[in-house]
Amino acid sequence: MDEDQKNHLKAYGIAFWTLKSGAEADWLLNYRGGSFLIKYAQSLENECKVRGVSYEVITDTKVNSILTELADPSVNMDVVKLEKAPKIAVYSPKNKLPWDDAVTMVLTYAEIPYDIVYDEEVLKGNLPKYDWLHLHHEDFTGQYGRFWSTFRSASWYMEDVKLQEATARKMGFKKVSQMKLAVAKSIRDFCSGGGFLFAMCSGTDSFDIALSAEGLDICESMFDGDGVDASAQSKLDFSKTFAFQNFKLDMNPYNYEFSNIDATPTRNLVQQNDFFTLFDFSAKWDIVPTMLTQSHDKVVKGFMGQTTAFKKDLLKPDVLVMGETKVANEARYIHGEFGKGQWTFYGGHDPEDYQHAVGDPQTDLSLHPNSPGYRLILNNVLFPAAKKKKQKT
């Protein structure tokens, strides 16, 4: 999984295919870019050839040599056993919206199976069936993504509002915002019970905002038919959030922002100098972040979204920053625990489309098979498959 790999993204699919077939795989952390070690089988070699994935067939002696090297206390490497393919769900609307989703694109490209769930499935209690849940570009505050100012006359926007309102009524809610809060709380409970949550773009901050504003009206009349609670800001409960605290709501419905969590309006970067750096963690002591940052390139091209990056001074103290743009004081890739589960938030919309606009064509991942930005998503997909090691004391 270093620079010799012709298709990093499909290599994750090979690892997942191995687990799905009932076999095990070892993830060699920090060894040649985070390589996979799998017992040889002709069917495995055939699958690598069909998918265009680079591989090496090595002897048992070489395997033992590698494992001995990884076990050396003086090197920042380790091995993690991947045991069972996680069952994956993507929270995504069933109607067609004029933007794509990086996670569904890379799962499809890597040939990793997943189910699509949305509000009805979540509210019916289906999430415990899954190990890993991704939040599509979403607005959990019930403000329809703050697209009203620019797109309120667009057919796709009007259709989305109509469908969301109909679903809310069907599920027994008077407002879409009330339904989205109930969905957010169900997702919170999924994570608290041991699930793995991954979110990108507006699925990150709008999720925390909705949780913090439980019981408050933060939606203007064009979104829910009545006015906002003028004192909502002072009533936010940051103890209910996963990642962010002390943020200020953006109450102007004409703005394409939910709060000041997102750094997009204040950042001074352009595409030519927009990069973020992955942190180095101890493979033997900090296994979780080490898995989540496996890459052949520790400097990743930046990319924008409705929520591009997180202001570091609004992160909770226990949030782990795994990737940052230091010159801008931005966190781009963060992780934490919630109850028995864990979550990862990743800023931006599409790692290979710097400023993806509404209506832009979908990225062709066959043109980016070695994308470090997309590798981070797939690290999270495989993360639940890892055998949990007992913490050293």
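## A friendly tour of a predicted structure

Tyr 144 is buried, as its relative accessible area is 7%. That makes a handy starting point for this predicted model, in which Tyr 144 also has a positive phi of about 50° although it is not a glycine.

- Most residues other than glycine have a negative phi.
- Tyr 144, with its positive phi, sits in the loop that runs between strand E6 (132–135) and helix H6 (148–151).
- Asn 246 is another residue with a positive phi, about 60°, without being a glycine.
- You can find Asn 246 in the loop between helix H11 (232–235) and strand E8 (275–278).
- Is Asn 246 buried or partly exposed? Asn 246 is partly exposed, with a relative accessible area of 48%.

**Salt bridges**

- How many salt bridges does a search of the whole structure find? The search finds 28.
- One of them joins Glu 56 to Arg 32, with the closest N and O atoms 3.1 Å apart.
- Glu 56 belongs to the loop between helix H2 (42–51) and helix H3 (60–71), while Arg 32 belongs to the loop between strand E1 (25–29) and strand E2 (35–37), so this pair ties together parts that are 24 residues apart in sequence.
- Glu 56 is exposed, with a relative accessible area of 52%, whereas Arg 32 is partly exposed at 29%.
- Glu 56 and Arg 32 are also linked with Asp 2 and Asp 4 in a network of salt bridges.
- Elsewhere, Lys 175 forms a salt bridge with Asp 217, and their closest N and O atoms are 3.2 Å apart.
- Lys 175 lies in the loop between helix H7 (155–170) and helix H8 (176–192), and Asp 217 in the loop between helix H9 (202–212) and helix H10 (221–224), so the pair connects parts 42 residues apart in sequence.
- Lys 175 is buried, with a relative accessible area of 18%, and Asp 217 is buried with a value of 18%.
- Lys 175 also meets the side chain of Asp 226 in a salt bridge, at 2.8 Å from N to O.
- Asp 226 is in the loop between H10 and H11, and the pair it makes with Lys 175 links distant parts of the chain, 51 residues apart.
- Asp 226 is partly exposed, with a relative accessible area of 30%.

**Nonpolar cores**

- The largest nonpolar core has 56 residues, and those touching the most other members are Leu 133, Ile 187, Phe 207, Ile 334 and Phe 345.
- Helices and strands both contribute: H7, H8 and H9 each give two or more residues, as do E4 (88–91), E6, E7 (196–200), E12 (330–338) and E13 (341–346).
- Which element gives the largest share of this core? H8 does, with seven residues.
- Looking beyond its neighbours within four places in sequence, Ile 334 is in contact with residues including Phe 244, Phe 310, Leu 315, Trp 343 and Phe 345.
- There is also a second, separate core of 55 residues, with Ile 14, Ile 112, Met 291 and Leu 365 among them.

**The largest pocket**

- The largest pocket holds about 750 Å³ of space.
- Its lining is made of 29 residues, and those nearest the centre are Phe 36, Leu 37, Ile 38, Tyr 55 and Glu 56.
- H3 supplies the largest share of this pocket's lining, four residues.
- By class, the lining of the largest pocket has 18 nonpolar, three polar and eight charged residues.

**Cavities**

- The structure holds four cavities of 30 Å³ or more, and the largest cavity has about 170 Å³ of space.
- Tyr 144 returns here: along with Glu 138, Gly 145, Asp 160 and Gln 164, it lies nearest the centre among the 21 residues lining the largest cavity.
- H7 gives the most to the lining of the largest cavity, with four residues.
- The lining of the largest cavity divides into nine nonpolar, eight polar and four charged residues.
- The second largest cavity has about 60 Å³ of space, and its lining includes Trp 132, Phe 198, His 335 and Trp 343.
- The lining of the second largest cavity has six nonpolar, four polar and no charged residues.

Terms used:
Residues are numbered from 1 along each chain as its sequence is written. This is a predicted model: local features need pLDDT of at least 70, side-chain atom pairs count only at pLDDT 80 or more; totals for chains, interfaces and linings use all residues. Side-chain values use heavy atoms; hydrogens and water are left out. Buried means under 20% relative accessible area, exposed over 50%, partly exposed in between (1.4 Å probe, protein chains only). A salt bridge is a side-chain nitrogen of Lys or Arg within 4 Å of a carboxyl oxygen of Asp or Glu. A nonpolar core is a set of buried Ala, Val, Leu, Ile, Met, Phe, Trp, Tyr and Cys residues joined through side-chain atoms within 4.5 Å. Contact means heavy atoms within 4.5 Å. On a 1 Å grid over the protein atoms alone, a cavity is a set of points where a 1.4 Å probe fits but cannot get out, and a pocket is an open set with protein on both sides within 12 Å along at least five of seven lines; lining residues have an atom within 4 Å of a point. Grid points are joined across faces, edges and corners, and a volume is the space filled by probe spheres set on the points. Ala, Val, Leu, Ile, Met, Phe, Trp, Tyr, Cys and Pro count as nonpolar, Asp, Glu, Lys and Arg as charged, and the others, Gly among them, as polar.
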